[in-house]
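Here's a quick tour in questions and answers. Have a look at the chain first, then read on.

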Amino acid sequence: MTTVRTRVTEHTIDLSTNKAHFFEAGEGYPTIFLHGVGYTSSAEDWFSCINEGLADSVHVYAVDQLGWGSVERPVWNYSFSYLVDHVRELQDALGFEKTNIVGHSLGGWVAATLAYESPERVNKLVCVA
């Protein structure tokens, strides 16, 4: 059996909103996964789903939210709109006009805000918990 770490590649991109850090795996329609908030939350929260076959059906981009995982918290106050701008800018940097968006908890708020502010950027929206 292949371990998660060998199925996933790690990337960092400098964006105007902050550094973007994410894990990529699989093939298929580009799908951005946004984790929730917890003491140790990060994009790695999606590894168990990836390992169970998620990356067999979609092209996964599991993103660290700003201030979580390996992405530093901005020194200024930021809003959901700012977090959404970060996701939109990541979509642009990856060359995607539209992606599926999956968000858990806080990630769901960000995903829903993205779908509200920029419905043309979202193919399918899934909010978990």
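Q: Where is the place of Leu15?
A: This is a predicted model, where local features need pLDDT of at least 70 and side-chain atom pairs count only at pLDDT 80 or more, while totals for chains, interfaces and linings use all residues. Residues are numbered from 1 along each chain as its sequence is written, and side-chain values use heavy atoms, leaving out hydrogens and water. Helices (H or I, at least four residues) and strands (E, at least two) are DSSP runs, numbered from the N terminus. With those names in hand, Leu15 sits in the loop between E1 and E2.

Q: Is Leu15 buried or exposed?
A: Buried means under 20% relative accessible area, exposed over 50%, and partly exposed in between (1.4 Å probe, protein chains only). Leu15 has a relative accessible area of 14%, so it is buried.

Q: Which residues is Leu15 in contact with, leaving aside its neighbours within four places in sequence?
A: Contact means heavy atoms within 4.5 Å. On that basis, the partners of Leu15 are Ala20, His86, Glu89, Leu90 and Ala93.

Q: What separates the C-alpha atoms of Leu15 and Leu90?
A: Leu90 is one of the buried residues of H3. Along the chain, Leu15 and Leu90 are 75 residues apart. Their C-alpha atoms, though, are separated by 7.4 Å.
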